[in-house]
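Please open the model in a viewer and keep the selection panel at hand. The stops below say what to select next and what is there.

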Amino acid sequence: MAQVLKRPNGTEDVTPRDIHKWYTVEQVARNVAESYGFGEIRIPTFESTDLFCRSVGETTDVVQKEMYSVIAKETQFTLRPEGTAGTIRAMLQNSMLNDAMPQKVYYLLSCFRHERPQAGRLREFHQFGLEMVGSAAPCADAEVISLAKSVLDTLGLKNIALNINSIGCPKCRAEYHKALRTYFEARKDELCETCLSRLERNPMRILDCKSPICGEIAKDAPVILDYLCEECDTHFTQLKSYLDTMGIAFTVNPKIVRGLDYYTKTVFEFVTTDIGAQGTVCGGGRYDGLIEQLGGQPQPALGFAMGIERLLLTMESQGCDFLQPKQCELYIAPMDAAAVPKAMEIAQSLRAEGFRVEYDLIGRSFKAQMKYADKLGAGFLLVLGENELSTGEIKLKNMATGESTACKLDETFTDTFANLAISAMFSDTLDGIKF
Ligand code: HAM
């Protein structure tokens with residue numbers, strides 16, 4: 001037999017066995033984002049490569065090493081490595097930024113980065129993220145951070161630390177870059193080749209290098225907080241005070257620089273120690289210069305993204321609740337081919353009422369059907385034989401209690417089944433989580 005093809009390294013399959021875990025995260029994310037007034041946006045999986053070079057930044061690891069790019073019909077495209085650039089492009093292209101501000105959108109999407117796969121680090125991964133455009137006020141930063149925290153809390157996650165920092169604006173960064181260059185010049189011989197090339201163009205990127213030697217050197221580098229201009233410093237102070245007002249605990253971590261170039265002022269990360277080295281479940285911040293950089297009218301903006309796989313790993317490691325998948329509510333066992341049309345008819349009418357109904361599609365023996373109904377975890381069993389078809393008198397067996405209820409296969413049947421199902425309490429199985 002030919003060997004079964006394997007999925008590419010760093011990608012994952014999600015089968016029906018686990019999909020309810022994804023539904024849990026997606027449903028919580030949607031509910032919380034919508035309760036803050038955000039609307040969903042959907043954007044293409046690929047964009048012109050230029051969009052990411054101009055936004056994420058030419059000197060970042062993402063652009064230099066991790067993008068999946070193709071040339072198709074002489075144009076270079078890239079599978080999105082993140083959601084912000086495409087979302088802002090779409091907001092500009094759809095004239096959303098001419099409407100009342102702030103504009104608030106959220107997204108659930110796949111991203112692609114050619115990184116070395118490990119637990120919590122994939123080459124295709126998924127993000128829940130959002131972007132808010134049009135507010136320069138620090139209360140917008142607090143609002144976005146509070147939304148992220150609310151998603152994490154609603155999912156039932158514990159021990160997630162919030163780290164914040166300010167990386168200033170182009171004005172204060174000029175001085176900071178000078179200080180960094182002086183610091184790294186002195187240890188130039190030890191830097192990796194990529195960082196050497198970053199020294200002139202963007203020394204802040206060295207702080208984010210994954211090489212252990214560069215990381216060690218970066219430990220004692222000057223920190224941006226010491227170089228903030230008055231405006232950035234006031235913004236950061238106000239944000240901290242709003243977070244205090246909202247009762248959101250945080251730590252100022254002057255080492256956070258983020259791996260993407262568009263950030264200005266506030267940056268933040270939510271981090272757990274429960275899933276190993278890749279513990280950042282959410283990252284975000286302000287990017288007040290990006291919209292102008294992409295050709296729009298200047299607008300302040302900010303946002304964040306959470307890695308869904310990392311959220312799920314953390315939820316599993318902490319034993320959080322998931323929405324439970326809906327089980328088969330009725331299994332119909334036709335005794336022979338003559339009973340199949342009736343089974344089809346009953347199944348269709350109950351499905352139209354929202355019930356999950358299945359019947360034998362393989363021609364199994366009676367015994368095998370009973371086993372299969374058990375395996376499905378069916379709530380009720382209905383056996384359809386010659387007798388049932390001729391009299392219209394049937395029995396619904398509650399599979400959990402073994403109790404049988406006699407009823408008629410007539411126009412009252414749907415209501416009878418609905419009442420039984422409700423009293424058996426399995427018709428609403430999506431109540432594992434409170435929103
Ligand atoms: P990011 O920090 O690159 O930011 O990614 C956000 C989150 O995506 C990370 O915190 C992590 O949970 C997840 N993530 C990143 N790379 C991987 C990977 N290789 N495997 C699994 N999960 C991963 C952004 O993408 C920004 N666009 C966030 C943002 C939105 N900033 C402002 N608005």
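Predicted model: local features only at pLDDT ≥ 70, side-chain atom pairs only at ≥ 80, totals over all residues.

Select strand E3 (69–72) and strand E4 (75–79): they run antiparallel and are joined by 4 bridges.

Glu74 is not a glycine, yet its phi is positive, at about 70°. For context, most residues other than glycine have a negative phi.

The order E2-E4-E3 makes an open sheet of 3 strands with antiparallel pairing. Strand E2 (46–48) and E3 are at the edges with a single partner strand each, so one side of each has no neighbour in the sheet. From one strand to the next the twist averages 35°.

Next, go to the loop between helix H4 (84–93) and strand E5 (103–112), where Pro102 is placed. Select Met101 together with Pro102: the peptide bond that joins them is cis, with omega about 0°. Most peptide bonds, by contrast, are trans.

**A second sheet**

Select E13, E12, E14, E15 and E16. In that order they form an open sheet of 5 strands, and the pairing is mixed. Which strands are at the edges? Strand E13 (357–359) and strand E16 (404–408) are the edge strands, each pairing on one side only. The twist here averages 25° from one strand to the next.

Ile394 has Cys407 as its bridge partner in E16, and Lys397 has Ser404. E15 and E16 form a hairpin with 5 residues between them. In the turn, select Gly402, whose phi is positive at about 85°.

**A helix pair**

Select H1 and helix H5 (residues 138–154). Their axes come within 9 Å and cross at roughly 140°, and the crossing is right-handed. To see the contact, show side chains for Val28, Ala29, Val32 and Ala33 of H1 and for Leu147, Ser150, Val151 and Thr154 of H5. How do these residues divide by type? The contact of H1 with H5 has 6 nonpolar residues, 2 polar and no charged.

Rolling a probe the size of a water molecule over the atoms shows where empty space is left. The largest pocket holds about 1300 Å³ of space. To centre the view there, select Asp208, Arg258, Glu269, Thr280 and Arg310, the closest to its centre of the 46 residues that line it.

Colour the lining by element next. Helix H3 (61–66), strand E6 (124–133), strand E10 (280–286), strand E11 (301–307) and helix H11 (308–317) each supply at least two residues of the lining of the largest pocket. E10 gives the most, with 6 residues. Coloured by type instead, the lining of the largest pocket shows 17 nonpolar, 15 polar and 14 charged residues.

The last stop is the second largest pocket, with a volume of about 440 Å³. Which of its 18 lining residues lie nearest its centre? Select Pro16, Pro325, Lys326, Gln327 and Arg356 to find them. Helix H1 (19–35) and helix H13 (366–376) are the elements that give two or more residues to the lining of the second largest pocket. H1 gives the most, with 4 residues. By type, the lining of the second largest pocket divides into 9 nonpolar, 4 polar and 5 charged residues.

How values were computed: Residues numbered from 1 in each chain as written. Heavy atoms only, no water. 1 Å grid on protein atoms, 1.4 Å probe; cavity = no way out; pocket = protein on both sides within 12 Å on 5 of 7 lines; lining within 4 Å. Points joined across faces, edges and corners; volume = space filled by probe spheres on them. Nonpolar A, V, L, I, M, F, W, Y, C, P; charged D, E, K, R; others polar. Axes fitted to C-alpha atoms, helices over the stretch in contact; angles between N-to-C directions. Left-handed = near helix turned anticlockwise from the far one by under 90°. Contact = heavy atoms within 4.5 Å. Pairing = 2+ DSSP bridges.
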